[in-house]
Amino acid sequence: MKKILIVNSDSSSSSKIYHLLKTNFDTVFVEDLCKAIEAATHFDYDAFFIDIAEGQIGFDFVKSLKKNNISTSQLFAIDDQKILKSKIEALSLGVKDIFSSDMHQDEVILRMKNHLESREFGTNKYKDLKVEL
């Protein structure tokens, strides 16, 4: 089963996405930046979710991953505030897709399955290394 780490300092804003993903993936939820970095460093995750709402720890988490040379090739965001500046910053950091809690359950699950499947059968790139499966 694919393993996903959700990093958000406010459990209420991402709880719907968390519960939707939890039904189909091995999902871990972390509210503390240090614990999130430790989890990402010590365990192998197939994807990361960050909350890009103002005041959240998501952007700091991504910057820490990059600083520690941890792949962010499967990075996703949760955005319920729909602020363009946050979306642009998230996309510039490499976020592949932005989810909101008003999405239908089937849409959330199918988007994640499609993203993770394309990772398995497509081309993966990390820094200067390119792997074609």
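Buried residues are those under 20% relative accessible area. The model shown in these views is predicted.

View 1. In helix 2, the residues A36, I37, A39 and A40 are buried. They lie on the same side of the helix because they cover an arc of only 160° around its axis. An α-helix has 3.6 residues a turn, so residues three or four places apart point the same way. The buried residues of helix 2 pack against strand 1, strand 2 (26-30), strand 3 and helix 3. On the face turned away from this buried side are the exposed residues C34, K35, E38 and H42. At the N-terminal end, D32 caps helix 2, with a side-chain oxygen 3.2 Å from the backbone nitrogen of C34.

**View 2. The largest nonpolar core.** This core has 23 residues, and those with the most contacts inside it are L5, A40, F48, I50, I52, F61 and V95. At least two of its residues come from each of strand 1 (3-7), helix 2 (33-42), strand 3 (47-51), helix 3 (58-67) and strand 4 (75-78). A second, separate core has 17 residues, including Y18, L21, F49 and V108.

**View 3. Strand 4 and its partners.** L75 and A77 point one way from strand 4, F76 and I78 point the other way, and all are buried. Strand 3 runs parallel to strand 4 and is joined to it by 4 bridges, with D51 opposite I78. The chain passes from strand 3 through helix 3 to strand 4 in a right-handed β-α-β crossover. Strand 4 also pairs in the parallel sense with strand 5 (residues 97-99), over 3 bridges; here A77 has I98 as its bridge partner. The crossover from strand 4 through helix 4 (residues 84-92) to strand 5 is right-handed.

Notes. Residues are numbered from 1 along each chain as its sequence is written. This is a predicted model: local features need pLDDT of at least 70, side-chain atom pairs count only at pLDDT 80 or more; totals for chains, interfaces and linings use all residues. Side-chain values use heavy atoms; hydrogens and water are left out. A nonpolar core is a set of buried Ala, Val, Leu, Ile, Met, Phe, Trp, Tyr and Cys residues joined through side-chain atoms within 4.5 Å. Buried means under 20% relative accessible area, exposed over 50%, partly exposed in between (1.4 Å probe, protein chains only). The arc is that of the directions from the helix axis to the C-beta atoms. Contact means heavy atoms within 4.5 Å. A polar contact is a pair of N or O atoms within 3.5 Å; within protein, one must be able to donate a hydrogen and the other to accept it, and residues adjacent in sequence count only if both atoms are side-chain atoms. Two strands pair if DSSP finds at least two bridges between them. A crossover is right-handed if, with the strands pointing away from the viewer, the path from the first strand over the helix to the second runs clockwise.
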